[in-house]
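Welcome! Open your viewer and get ready to select a few things in turn.

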Amino acid sequence: MNTNLPNLYTAFDLDRRDDCDALGIVLSARDLRLEQMGVLPDDPRRTQTVMAFSVLNDPTRRALYDEKLDSGTPLTWDQIQHLGNFGTIPDAPPQQSFHQTPQPAPQPEPDTTFGYQFGQPTAEYSSPAFNPFDQQVHSSMAGSSAFSASQVAPFGFDHTMNVQRPTAGARLGMAWLDLILASMASGIIVGILGMNAFGGWIVTALVMIAYVVGSETVMGATPAKKFFGYEVRDVDTHSRLSAQASLKRNWWKFLNLVPPASIVTLVMAGYYGSQINEENNMRGGHDKLANAEVVKKQG
């Protein structure tokens, strides 16, 4: 077996136990982060992210991919691209026979992989890989693609509450997207005002609090959750959280603004994230602290 063939789960540091929608959110957040870093759409790091999304976000295509992976015959990038485009797996190119006339050894070519571990994918097929990141109101993610909130399948299901709650992986992806958006907003404001370091820190802190607490109390969820069709609400009354409840739920996030205490944010993120499972009805300790839940918005 060619050990240089890509394994999409390990290549993009994905949890294979997550469902298709959770993997799609993580991959979309990755592409957005690359875009904000100035990586162009035709860079291998982004084209391969798009191809991974087109396969792993679709249950049927993912099942075909997993079957090949489990059989010990991982796909080439050309095959992954074809699977993402057409939903079928073409045969791998035949290996050269020993009876064929040997070809001259190819000359080394300049590195065009930009440091990405699997190299640049080729475009053997005329139809481009499905790109979930086109026509987005912000960045390269697609508002009218499979990411549309009306098309996203349930991430988690609580039989006692008859509501759909996202998995830990899905919530991590949305939280990462929120962090990027909040950082962009504070950076723009600081740049416009021409603040010094201390003033910039004050603005960043205020924007972060307004972004999280203001969004949950006024809109019912942060922008990333709203985009994917989720809301944060009180478990009993199903109403939006009060400012006090939102602060209780998110206190640990704001410690990231103080460098010596930022480690607490990482520890609590891992701790609360590990609690978002079926045993806890997809609610972390921070949700329970505020008597809150994250659910798929109905209607």
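Which residues have the most contacts inside the largest nonpolar core? Select Met-174, Leu-177, Met-208, Phe-228 and Val-232: these have the most contacts inside this core of 26 residues. A nonpolar core here is a set of buried Ala, Val, Leu, Ile, Met, Phe, Trp, Tyr and Cys residues joined through side-chain atoms within 4.5 Å, where buried means under 20% relative accessible area with a 1.4 Å probe, protein chains only.

This is a predicted model, in which local features need pLDDT of at least 70 and side-chain atom pairs count only at pLDDT 80 or more, while totals for chains, interfaces and linings use all residues. Residues are numbered from 1 along each chain as its sequence is written, and side-chain values use heavy atoms, leaving out hydrogens and water.

Helices are DSSP runs of H or I, at least four residues, numbered from the N terminus.

Now pick Tyr-9, Ala-11, Val-55 and Leu-75, which are among the 18 residues of a second, separate core.

Then show helices α4 (residues 59-70) and α5 (residues 77-86). They pack at about 155 degrees, with axes 9 Å apart; axes are lines fitted to C-alpha atoms over the stretch in contact, and angles run from 0 to 180 degrees between N-to-C directions. α4 is therefore roughly antiparallel to α5, a label for angles over 145 degrees.

Finish with the side chains: Arg-61, Leu-64 and Tyr-65 in α4 meet Ile-80, Leu-83, Gly-84 and Asn-85 in α5, contact meaning heavy atoms within 4.5 Å.

Key: Buried means under 20% relative accessible area, exposed over 50%, partly exposed in between (1.4 Å probe, protein chains only). Helices (H or I, at least four residues) and strands (E, at least two) are DSSP runs, numbered from the N terminus. Angles under 35 degrees count as roughly parallel, over 145 as roughly antiparallel, 65 to 115 as roughly perpendicular and the rest as oblique.
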